[in-house]
Amino acid sequence: MQILKFRRKLSDKEIARLEKYQRRKEREPPLAFEGRVDILNEILGQVEDRLDATDTVSRTFVIQGPPGCGKTSLLAELASKIDQYAHARVVSIETTEMNTPALFVERFVDGLVKRYDKKAFRSSAKTNKTTANATVFKRETEWKSTLPSVIDLVASRKLTIWKALNELLNLKDNPVFLLLVDEVQSLSPFQGSDTNAIAKEVHLGTTGGIKIIPVFAGLSDCQNVLKEVGVSLRTHVESLGGLSEPEAESVVWNTMKGLGVEDLFNRTDVMKIMEQCSFASEQWPRHLDQYLKALTLEISACKDAFEIDLDKVIQSGHENRMNHYDDQLSSLKGDDLVETLIGIAQQYPLNTPIYRREVRTFIDDDPFVEDDSKNVLFRLLHHGVLEDVKGTASQMRFSIPSLHTYLANECNHEKVLSVMNQTMQERLNESKSKGTGVGD
């Protein structure tokens, strides 16, 4: 047992913050964001360039990776940083809304009003507050009265998307719009077409004078999905994986700090919490969140005992992780590919590059896998179980966190849970033998 003693009593406000954190939803942005600095700076730099530019052609960004690697959190972090620019706006669009022009226009305008609390329609920063509010109210009233008829015209193809947006928004300060599109794997061509006109037009900058920087996020093969709907040129692709150990530890520290409990333990104990939550989660953002929830729950539950058992926190985090998969797996059917994946996992250590042909050999030699190995390989890449290693033509990286997520979405309930539990236990046992501290 690793008993960590409190240095002080928790306040009612701190307990309330801990309980609120425990109720966080699966895709809700994290309390602390770390890493991804290069891609953040790249996109923010493009925003600054477009603010000074007169044309509408910009770079297209693609953020791809397996489920749970932090794509949605990165988009949320981008949105918060863009809010600091006076003439830059963020618009978050669902792929279903990208697939329908009328829905796209409605969501685009509605998103601006909700996100900026009506500030998106202010035409001058020099007006006083009373005048500005009156202007905003007038513009919102005009928008609400005009939008239904404009949507009808767009739906009937009597008015283009971009002309409709120009008329509705009355853009006078020539803003830059950062268009965030998540779950790109669901993007599809327009009915009767082989492309998605909205995605293609924002990519090419043919947006009727409106400056838009598109940021598409999706699973590991989403770049191929984008190509299929007409997005293929001038594309910056960033593939996400796990965080580094220092980044994951910083997430733990900054989450504790954001909750106001960073001084609840002495420095040595805080370091133990950071290191062991980082290690147990394999630095995988979604998994790390499960251990942080376990930590906050244990602190709340033990507020009167003035101590927590760190081993129990790690075990509870593991159970949180398993329960998450349990929910996903409850209605899914089995898949004999699981045993093949287990075989690969047993022969290749974490993140050891393996050859594409070796993976196909595993699949071809498995008598229970009826699918063509090429199709199976495509599924593995799509779900991020295997990822192409940059700079090589034939090697791939095998990722345990990605495997867990893939299994949770694709495979048999009881079999997968037992395999995942075994894998996790093996890693914890390995940490004990190496003296890393987890479970000591």
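Strand E4 (residues 176–181) has six of its six residues buried, so the strand is largely enclosed by the rest of the structure. Buried here means under 20% relative accessible area, exposed means over 50%, and partly exposed lies in between (1.4 Å probe, protein chains only). This is a predicted model: local features need pLDDT of at least 70, side-chain atom pairs count only at pLDDT 80 or more, and totals for chains, interfaces and linings use all residues. Residues are numbered from 1 along each chain as its sequence is written, and side-chain values use heavy atoms, with hydrogens and water left out.

- Helices (H or I, at least four residues) and strands (E, at least two) are DSSP runs, numbered from the N terminus.
- Val176, Leu178 and Leu180 point one way from E4. Phe177, Leu179 and Val181 point the other way, and all are buried.
- E4 pairs with strand E3 (residues 88–93) in the parallel sense, over six bridges. Two strands pair if DSSP finds at least two bridges between them.
- Val90 has Leu178 in E4 as its bridge partner.
- Strand E5 (residues 211–218) also pairs with E4 in the parallel sense, over six bridges. There, Pro214 in E5 stands opposite Leu179.

**Second largest pocket**

- The second largest pocket holds about 630 Å³ of space.
- A pocket is an open set of points on a 1 Å grid over the protein atoms alone, where a 1.4 Å probe fits, with protein on both sides within 12 Å along at least five of seven lines. Lining residues have an atom within 4 Å of a point.
- Grid points are joined across faces, edges and corners, and the volume is the space filled by probe spheres set on the points.
- The lining of this pocket counts 35 residues. Glu26, Gly68, Gly70, Ser73 and Arg286 lie nearest the centre.
- Helices H3 (71–82), H10 (245–258), H12 (285–301) and H13 (310–329) each supply at least two lining residues. H12 gives the largest share, six residues.
- By class, the lining has 14 nonpolar, eleven polar and ten charged residues. Ala, Val, Leu, Ile, Met, Phe, Trp, Tyr, Cys and Pro count as nonpolar, Asp, Glu, Lys and Arg as charged, and the others, Gly among them, as polar.

**Salt bridges**

- A salt bridge is a side-chain nitrogen of Lys or Arg within 4 Å of a carboxyl oxygen of Asp or Glu. The count by this rule is ten.
- Arg24 and Asp289 form one, with the closest N and O atoms 2.6 Å apart. This pair links distant parts of the chain, 265 residues apart: Arg24 sits in the loop between helix H1 (12–22) and helix H2 (37–52), Asp289 in helix H12. Both Arg24 and Asp289 are buried.
- Arg8 meets Glu14 in a salt bridge at 3.0 Å, N to O. Arg8 is partly exposed at 24% relative accessibility, whereas Glu14 is buried at 9%.
- Lys81 and Glu77 meet at 3.8 Å, N to O. Both lie in helix H3, four residues apart, about one turn of the helix. Lys81 is partly exposed at 27% relative accessibility.
- Salt bridges that share partners join Arg8, Glu14 and Asp263 into one network.

**Polar contact at Gln2**

- Gln2 lies in the segment before strand E1 (3–5). With 9% relative accessibility, Gln2 counts as buried.
- The side chains of Gln2 and Gln276 are joined by a polar contact of 3.1 Å.
- A polar contact is a pair of N or O atoms within 3.5 Å; within protein, one must be able to donate a hydrogen and the other to accept it, and residues adjacent in sequence count only if both atoms are side-chain atoms.
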